[in-house]
Amino acid sequence: MQIKENIEALEKEYQEKLKNIKDLKQLQDIKTELLGKKGKITSLFKLLKEVPPEKKKEVGALINSVKAKFEDILKEFEKQLTEKELEEKLKKSKIDITLPGAWVSPGAPHPVTATLRYISDIFVSMGFKIEEGPEVELEEYNFDMLNIPKDHPAREMQDTFFINKKGYVLRTHTSPVQIRAMLKQKPPLAVIAPGKVYRKDLDPTHSPMFHQIEGLVVDENITFRDLKGILKIFLESVFGKNIPIRFRPSYFPFTEPSAEVDIGCTVCKGKGCRVCKNTGWLEILGCGMVDPNVFEAVGIDTEKYTGFAFGLGIERITMLKYQIPDIRLLFSNDMRFNLQFKGI
Ligand SMILES: [Zn+2]
């Protein structure tokens with residue numbers, strides 16, 4: 001029978017061809033030649049209609065078996081060739097594990113962030129809780145309830161950024177967080193409020209946006225001695241055990257009595273220099289006993305409770321600690337400057 005001979009010839013031809021194939025591309029070509037839509041085995045099925053009916057079954061089975069046979073052979077070849085190609089590829093691309101790796105420069109916190117975290121940690125270790133408040137603040141919380149009435153010069157003194165929405169300002173200090181904390185929680189209370197504040201100011205020591213940290217303690221029998229003790233621990237933690245500290249009487253609307261705190265100049269050690277304007281002292285923070293008017297505004301019993309508050313500028317501490325001459329360097333985003341503080 002012609003068709004049987006055709007199949008045998010085809011088998012022989014391709015057994016021979018397969019002996020010489022070298023890669024997957026050649027294998028794919030053979031696969032198409034045999035089993036593709038117009039492939040030689042596929043075409044055999046078309047010849048079936050010329051086969052007499054009594055032989056159809058036998059011939060059909062024969063074609064099917066040759067088809068299955070080649071499918072198996074091709075699959076086996078494909079497996080072997082894939083392995084061979086992978087092996088060759090691996091041999092060629094040897095990895096030299098002694099070469100140094102690509103350098104990725106690690107980041108570092110901004111000096112202001114680092115100082116803020118450092119200071120927060122000192123107070124948290126003494127039992128203070130961290131409080132946060134919004135930067136767009138109610139005028140009432142930023143001024144009125146802090147004993148700063150409408151006609152008070154402090155409102156101009158602070159050169160406030162007023163915003164379009166009536167009754168709101170960009171907070172000029174972190175003190176409104178004190179109000180929020182006292183409205184939320186009854187005494188005893190020990191909180192710090194770190195965050196951004198805004199004033200219309202720009203020169204080597206002032207920026208329109210800067211960071212403050214505010215502290216507030218309210219309880220029975222809190223005195224100025226407690227305030228002095230807490231601030232002493234804090235300042236010695238930042239500037240060293242023997243740093244000279246002095247309290248000067250001052251005025252803030254929300255504290256009475258009020259004081260400003262100086263430390264001995266860290267640059268000249270008290271001898272007098274340009275940084276301390278030859279006084280030997282550096283102004284570092286403001287503080288005082290909470291004014292009873294503030295307690296009344298938030299509904300705290302002034303007969304029963306007393307408290308103290310303090311506030312300081314983070315940038316100023318950062319500048320003094322690392323002797324940075326211009327506040328604007330902190331916000332220039334110059335990597336040569338920022339990376340000097342890596343690991344502080
Ligand atoms: Zn000095």
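These notes go through a predicted model, from overall layout to single residues.

1. **Layout.** The chain splits into domain 1 (2–92) and domain 2 (111–341). The centres of the two domains, taken over C-alpha atoms, are separated by 86 Å.

2. **Overall form.** Twelve helices and nine strands make up the secondary structure of the chain. The radius of gyration is 42 Å, well over the 20 Å that the globule rule gives for 344 residues, so the chain is more spread out than a compact globule. Along its principal axes, the C-alpha trace spans about 120 × 50 × 35 Å.

3. **Burial and contacts.** Of the 344 residues, 40% count as buried. Take the contacts between residues at least 6 apart in sequence: 65% of them join residues at least 24 apart.

4. **Surface and charge.** The accessible surface of the chain comes to about 20,500 Å². Carbon and sulfur atoms account for 55% of that surface. The chain carries 53 positive and 49 negative charges, and their mean positions lie 7 Å apart.

5. **Glu-139.** This residue sits in helix H6 (residues 139–142). Its relative accessibility is 18%; buried means under 20%, so Glu-139 counts as buried. Leaving out residues up to four places away in sequence, Glu-139 touches Asp-144, Arg-155, Phe-162, Gly-167, Tyr-168 and Val-169.

6. **Asn-64.** Helix H4 (residues 53–92) holds Asn-64. With 43% relative accessibility, Asn-64 counts as partly exposed. Asn-64 and Gly-311 are 247 residues apart in sequence. In space, C-alpha to C-alpha, the two are 91 Å apart.

7. **Cis peptide bonds.** The bond from Pro-187 to Pro-188 is cis, with omega near 5°. Pro-188 lies in the loop between helix H8 (176–184) and strand S4 (189–198). The bond from Glu-256 to Pro-257 is also cis, with omega near -5°. Pro-257 is in strand S7 (residues 255–264).

8. **Asn-221.** Phi here is near 60°, a positive value in a residue other than glycine. Asn-221 is placed in the loop between strand S5 (209–219) and helix H9 (224–239). Its relative accessible area is 67%, so Asn-221 is exposed.

9. **Asn-333.** This residue is not a glycine either, yet its phi is positive, about 55°. The loop between helix H11 (314–322) and helix H12 (335–338) contains Asn-333. Asn-333 is exposed, with a relative accessible area of 60%.

Conventions: Residues are numbered from 1 along each chain as its sequence is written. This is a predicted model: local features need pLDDT of at least 70, side-chain atom pairs count only at pLDDT 80 or more; totals for chains, interfaces and linings use all residues. Side-chain values use heavy atoms; hydrogens and water are left out. Domain bounds come from an automatic or database domain assignment. Helices (H or I, at least four residues) and strands (E, at least two) are DSSP runs, numbered from the N terminus. The radius of gyration is taken over C-alpha atoms; the globule rule is 2.2 Å times the number of residues to the power 0.38. Buried means under 20% relative accessible area, exposed over 50%, partly exposed in between (1.4 Å probe, protein chains only). Contact means heavy atoms within 4.5 Å. Accessible areas come from the Shrake-Rupley method with a 1.4 Å probe; for residues, only the protein chains shown count as cover. Lys and Arg count as positive and Asp and Glu as negative; His and the chain ends are not counted. The place of a charge is taken as NZ of Lys, CZ of Arg, CG of Asp or CD of Glu.
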